[in-house]
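Work through the following exercises with the sequence and the model at hand. Each task is followed by a solution in steps.

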Amino acid sequence: MDIESKQGWMSDFLEEMGLPASAVFQGYVLYNTDRDSFVCFNHQASADQARIQYVKPCAWAHRYPYIMLASDAAGNLDDAMEIQGLFQLGGKFLAFPI
């Protein structure tokens, strides 16, 4: 079953992760444990191909709206990636492993 299409899945997820109901889901991000950084794409590097960069603040990471898109992207990268959910809590960002 596709959890993201289930009504109320986000409130259940927030409760399970111990996040307050005020947390705002921002998307899924890819985290590389070897580099201790998040994946970001530099689209200005070349007109035909984006260059992968690794950034420390999770707020700067490339965001995927659906977990399947993040999973497909992780599978296409050479490095081992961890999919994390990105949330905004007030003015701060927090990423959790999924």
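**Exercise 1. Identify the residues with the most contacts inside the largest nonpolar core, and the elements that supply the core.**

Solution. The largest nonpolar core has 18 residues, and Leu30 and Phe87 have the most contacts inside it. A nonpolar core here is a set of buried Ala, Val, Leu, Ile, Met, Phe, Trp, Tyr and Cys residues joined through side-chain atoms within 4.5 Å. Buried means under 20% relative accessible area, exposed over 50%, and partly exposed in between, with a 1.4 Å probe and protein chains only. At least two residues come from each of α1 (9–17), β1, α2 and β4; α1 gives the most, with 4 residues. Helices (H or I, at least four residues) and strands (E, at least two) are DSSP runs numbered from the N terminus.

The model is predicted: local features need pLDDT of at least 70, side-chain atom pairs count only at pLDDT 80 or more, and totals for chains, interfaces and linings use all residues. Residues are numbered from 1 along each chain as its sequence is written, and side-chain values use heavy atoms, with hydrogens and water left out.

Next, take phenylalanine 87. Apart from neighbours within four places in sequence, its contacts (heavy atoms within 4.5 Å) include Met10, Phe13, Leu14, Val24 and Phe96. A second, separate core of 9 residues includes Tyr31, Phe38, Val55 and Ala95.

**Exercise 2. Find the salt bridges and state which parts of the chain each one links.**

Solution. A salt bridge is a side-chain nitrogen of Lys or Arg within 4 Å of a carboxyl oxygen of Asp or Glu. The count by this rule is 2.

1. Arginine 35 pairs with aspartate 79 at 3.6 Å, N to O. Arginine 35 lies in the loop between β1 (24–32) and β2 (37–42) and aspartate 79 in the loop between α2 (67–76) and β4, so the bridge ties together parts 44 residues apart in sequence.
2. Aspartate 36 pairs with lysine 56, with the closest N and O atoms 2.8 Å apart. Aspartate 36 is in the loop between β1 and β2, and lysine 56 is in the loop between β3 (51–55) and α2, 20 residues apart.

For accessibility, aspartate 36 is partly exposed at 38%, whereas lysine 56 is exposed at 52%.

**Exercise 3. Describe the surroundings of glutamate 82.**

Solution. Glutamate 82 is in strand β4 (residues 82–89) and is partly exposed, at 28% relative accessible area. Its C-alpha atom is 6.3 Å from that of asparagine 32, 50 residues apart along the chain. Leaving aside neighbours within four places in sequence, glutamate 82 contacts Val29, Leu30, Tyr31, Thr33 and Pro97.
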